[in-house]
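Welcome! Here are a few exercises to work through with the structure beside you, each followed by a solution in steps.

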Amino acid sequence: MSIWEWYVRRGRIDRRTWWLQYALPVAALSVLALLADLALGNTDLQRMVETGVPDYGPFVQAVGLLTLPASISGAVTRLHDRGLPAWVVLIVFVPLLGQLALLGLTGFVRGDARPNRYGPPPGIPPTATGEPLYVPPTWN
């Protein structure tokens, strides 16, 4: 898989792929960036805990910005595996509960076992009939 395929994913992915290619690597990069900021004095954890205001250093901010497109792409393709549209990812803006709901949908709930409008299940090649899996609304 190329870096471009990691950033802009298409179709559907299963839970295992999401955890191993998106959630865990991004979490590991974030922890390493936080450790780098702490070592260089760019972040003060005690002040953040006392005030409750996140004040991350440049390494954490850079990792967050650079991995944001890939995180969104991974979440969307995981939602497509459940047959849900990409708009569902906006649930993350509901404070606390939205983030937990998106984590549950992407990381813990099994995908559709049959083909849906976003393609066949991961690991099954697409049909060779040339017919779309669904008829887009503009074709009527």
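Start with Phe 108: this residue is exposed, with a relative accessible area of 52%. Keep in mind that the model is a predicted one.

**Exercise 1.** Work out how the rings of Trp 19 and Phe 108 are arranged, and which parts of the chain they tie together.

*Solution.* Begin with the distance: the ring centres of Trp 19 and Phe 108 are 5.5 Å apart, and a pair needs centres within 6.5 Å. Next take the angle: the planes stand at 65°, and over 60 degrees counts as edge-to-face. The pair is therefore edge-to-face. Now locate the two residues. Trp 19 sits in helix α2, whereas Phe 108 belongs to the segment after α5 (97-107), so the contact ties together parts 89 residues apart in sequence. Last, check the cover: Trp 19 counts as partly exposed because its relative accessibility is 27%, while Phe 108 is exposed at 52%.

**Exercise 2.** Find out whether the pair of Trp 6 and Tyr 22 is stacked or edge-to-face, and whether its residues are buried or exposed.

*Solution.* Four aromatic pairs are counted in the model. In one of them, Trp 6 and Tyr 22 lie 5.8 Å apart from centre to centre, with 10° between the planes, and this makes a stacked pair. The pair links distant parts of the chain: Trp 6 is in helix α1 (residues 3-7) and Tyr 22 in helix α2 (residues 15-40), 16 residues apart. For burial, the limit is under 20% relative accessible area. Trp 6 has 12%, so Trp 6 counts as buried. Tyr 22 has 3%, so Tyr 22 is buried too. To finish, widen the view: ring pairs join Trp 6, Tyr 7 and Tyr 22 into a cluster.

**Exercise 3.** Name the residues that make the nonpolar surface patch with Phe 108.

*Solution.* Along with Phe 108, the patch is made by Val 94, Leu 96, Leu 97, Leu 100 and Leu 103, and it covers about 600 Å². Look at Val 94 next: this residue is in the loop between α4 (58-81) and α5. With a relative accessibility of 42%, Val 94 counts as partly exposed.

**Exercise 4.** Describe the largest pocket and say which helix gives the largest share of its lining.

*Solution.* First the volume: the largest pocket holds about 640 Å³ of space. Then the lining: of its 22 residues, Leu 68, Ser 71, Ile 72, Val 92 and Leu 102 are the closest to the centre. Finally the helices: α2, α4 and α5 each supply at least two lining residues, and α4 gives the largest share, with eight.

Technical notes. Residues are numbered from 1 along each chain as its sequence is written. This is a predicted model: local features need pLDDT of at least 70, side-chain atom pairs count only at pLDDT 80 or more; totals for chains, interfaces and linings use all residues. Side-chain values use heavy atoms; hydrogens and water are left out. Rings of Phe, Tyr and Trp (its six-membered ring) pair if their centres lie within 6.5 Å; planes under 30 degrees apart count as stacked, over 60 as edge-to-face and the rest as tilted. Helices (H or I, at least four residues) and strands (E, at least two) are DSSP runs, numbered from the N terminus. Buried means under 20% relative accessible area, exposed over 50%, partly exposed in between (1.4 Å probe, protein chains only). Patches are made of residues with over 30% relative accessible area and no salt bridge: like charges are joined within 9 Å, nonpolar side chains (Val, Leu, Ile, Met, Phe, Trp, Tyr) within 5 Å. Accessible areas come from the Shrake-Rupley method with a 1.4 Å probe; for residues, only the protein chains shown count as cover. A salt bridge is a side-chain nitrogen of Lys or Arg within 4 Å of a carboxyl oxygen of Asp or Glu. On a 1 Å grid over the protein atoms alone, a cavity is a set of points where a 1.4 Å probe fits but cannot get out, and a pocket is an open set with protein on both sides within 12 Å along at least five of seven lines; lining residues have an atom within 4 Å of a point. Grid points are joined across faces, edges and corners, and a volume is the space filled by probe spheres set on the points.
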